[in-house]
Amino acid sequence: MTTTAAAPDPLVELRAVSLAYGRGDGATLALADATMSIRKGEFIAVVGPSGCGKSTLMKLVTGLLPATSGEVIVHGETVVRPIKGVGMAFQNPTLMPWRTTLDNVLLPLEVVEPHKRQFRARKAEYAAKAKALLASVGLGDFAEKYPWQLSGGMQQRSNLCRALIHEPEIMMLDEPFGALDAFTREELWGVMQALWLERKFTAVLVTHDLREAVYLADTIYVMSRRPGRVVLKRAIDLPRPRTLASTFDPAFVDIVHELRDRIHQEYA
Amino acid sequence: MTDSQSRALQTAMPWLVMAVFLVAWELACVGFRIQEIILPRPSKVMIVAIERFDILLRFCLETLWTTMLGFLLAIVGGLVLGLAVGASPFVYAGLYPLLIAFNAIPKVAIVPILMIWLGVGATPAVITAFVISFFPIVVNVATGLATIEPEMRDVMRSLGATRYEILTKVGIPRAMPYLFGSLKIAITLAFIGSVISETVGGNRGIGFLMLSAGARNDAPTTFAGLFAIAIMGILMYAVCAMVERRMTRWAFRGEMVG
Ligand SMILES: Nc1ncnc2c1ncn2[C@@H]1O[C@H](COP(=O)(O)OP(=O)(O)OP(=O)(O)O)[C@@H](O)[C@H]1O
Ligand SMILES: [Mg+2]
């Protein structure tokens with residue numbers, strides 16, 4: 001199954017979106033003319049040089065930042081305020097230092113409907129679910145620890161759990177595996193793919209690791225240097241579930257090389 | 001010096017400094033033949049303090065009581081106003097300049113006015129303590145709220161949290177270390193406030209005791225009063241510091257609690 005330029009029923013659509021930070025002469029154009037459309041249940045990855053506006057793109061899609069020009073459309077409606085039903089793993093783990101890791105992961109359930117109303121009554125059940133999720137990323141023993149008692153990579157994994165816990169239909173993952181060693185990272189690709197195959201949420205993954213992008217995504221967008229534009233859209237039609245072994249398949253390796261060459265041009 | 005020795009020395013340091021200071025004072029009084037009415041010897045002050053312990057204690061408790069009442073009012077008022085100022089840019093714009101102006105007024109100046117309105121007694125002292133210790137609490141709580149990391153706010157906004165939820169789940173916990181940090185300053189100021197009020201015009205409290213002893217040229221009692229205030233101040237400060245560590249362990253990243 002390949003994606004066409006205009007998917008029939010896009011869940012998220014960006015139409016010529018640009019964003020400038022600041023106003024007047026001091027303004028920085030972070031993102032220029034981004035156009036993409038994401039189907040429901042599609043896993044897309046965004047790659048590109050550092051500082052090209054990938055994190056900015058994530059904040060635009062979730063409505064945390066208003067677009068300077070162009071339109072962001074989710075569920076057929078123009079985004080003007082933060083949208084509901086997203087799970088966002090920010091690039092820097094923004095865990096709250098006064099909450100234990102477990103309570104941090106439970107936070108979305110305290111805020112998001114319908115869990116909010118049932119939170120007190122179903123606390124034990126929710127806590128068990130959060131613990132299971134933490135265990136799946138290798139943090140089973142750290143639920144009662146505070147974030148500042150965790151390493152950087154452990155914080156990042158808790159951050160990921162917090163984005164997943166309320167089973168959002170759109171997942172925004174901003175370099176969620178950036179601070180991890182190669183082995184943990186590859187293990188979490190598997191965890192992520194299994195979750196996605198099970199729940200079929202719509203996901204946007206920002207990453208600098210091309211193998212990670214090819215492993216997880218249905219479609220990869222390559223962005224240019226700042227101000228970022230989409231310079232390549234590549235559909236990945238490798239069979240699922242993909243395994244670590246399949247990352248050594250010639251087909252897989254070819255795609256990685258193709259992407260690498262395209263990004264390399266940005267530095268020329 | 002071993003590790004435990006140097007740690008023991010560190011705890012002993014304040015006591016050593018104090019002892020040296022008192023001995024030097026004692027020797028200076030004896031050596032320079034300073035009259036008792038000008039500067040009594042510390043040993044004499046101690047003796048008087050022990051002799052008149054019951055009176056001293058009674059007046060101290062009066063001061064302690066008014067101070068604590070004013071301090072508690074300041075915590076409640078400061079917290080409420082601080083949250084309002086920190087959470088709403090409009091309240092901030094409207095109230096902050098007024099607060100600054102109000103804080104610039106020397107608080108001694110308002111005591112006579114309070115006397116006219118309320119007469120002598122405990123009430124002016126309570127109000128002075130409140131008024132003087134209120135400001136650092138407001139400023140600190142407001143600062144705690146206003147300096148929430150934008151990322152933290154984004155986490156809440158991306159979950160669709162309301163302003164009220166952002167305030168209760170991020171704002172207030174975030175402001176707590178600032179609140180408890182300000183209590184140490186506020187309690188000392190509250191003592192200053194109530195003693196000022198008692199000294200300017202009052203019929204109770206340690207300030208009044210010192211004033212009347214001074215009028216009788218009873219310098220040792222005046223100094224005993226001074227020591228009593230210092231001791232109360234230190235004790236209350238220690239209590240506040242302890243509460244701070246208890247309540248905001250995370251802000252110290254567990255370091256100070258070990
Ligand atoms: N709050 C801000 N104010 C001003 N400029 C900003 C702000 N945030 C980002 N920028 C600028 O916008 C550009 C894009 O930033 P962004 O964080 O989106 O990059 P990125 O693609 O996520 O980079 P990285 O891969 O390093 O995370 C950068 O040049 C940065 O300087
Ligand atoms: Mg980024």
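How many residues does the contact take from chain A and from chain B?

## Contact between chain A and chain B

In this predicted model, the contact draws 25 residues from chain A and 19 residues from chain B. Within chain A, the residues that lose the most area to chain B are A:Trp98, A:Val111 and A:Trp148, which together account for 33% of what that side buries. The area buried between chain A and chain B is about 2000 Å², and carbon and sulfur atoms give 70% of it.

## Polar and charged pairs

Across the interface of chain A and chain B there are 2 salt bridges. There are also 3 residue pairs in polar contact, with both residues at pLDDT 80 or more. A salt bridge joins the side chains of B:Lys169 and A:Glu110, at 3.0 Å from N to O.

On the side of chain A that touches chain B, E6 and H2 of chain A each supply at least two residues. The most comes from H2(A), with 4 residues. By residue class, that side of chain A divides into 16 nonpolar, 3 polar and 6 charged residues.

A:Ser55 counts as partly exposed because its relative accessibility is 23%. A:Gln91, with 32% relative accessibility, counts as partly exposed.

Technical notes:
Residues are numbered from 1 along each chain as its sequence is written. Chains are lettered from A and ligands numbered from 1 in the order in which they are written. Side-chain values use heavy atoms; hydrogens and water are left out. Buried means under 20% relative accessible area, exposed over 50%, partly exposed in between (1.4 Å probe, protein chains only). Contact means heavy atoms within 4.5 Å. Buried area is the accessible area (1.4 Å probe) that two parts lose on being put together, summed over both. A salt bridge is a side-chain nitrogen of Lys or Arg within 4 Å of a carboxyl oxygen of Asp or Glu. A polar contact is a pair of N or O atoms within 3.5 Å; within protein, one must be able to donate a hydrogen and the other to accept it, and residues adjacent in sequence count only if both atoms are side-chain atoms. Ala, Val, Leu, Ile, Met, Phe, Trp, Tyr, Cys and Pro count as nonpolar, Asp, Glu, Lys and Arg as charged, and the others, Gly among them, as polar.
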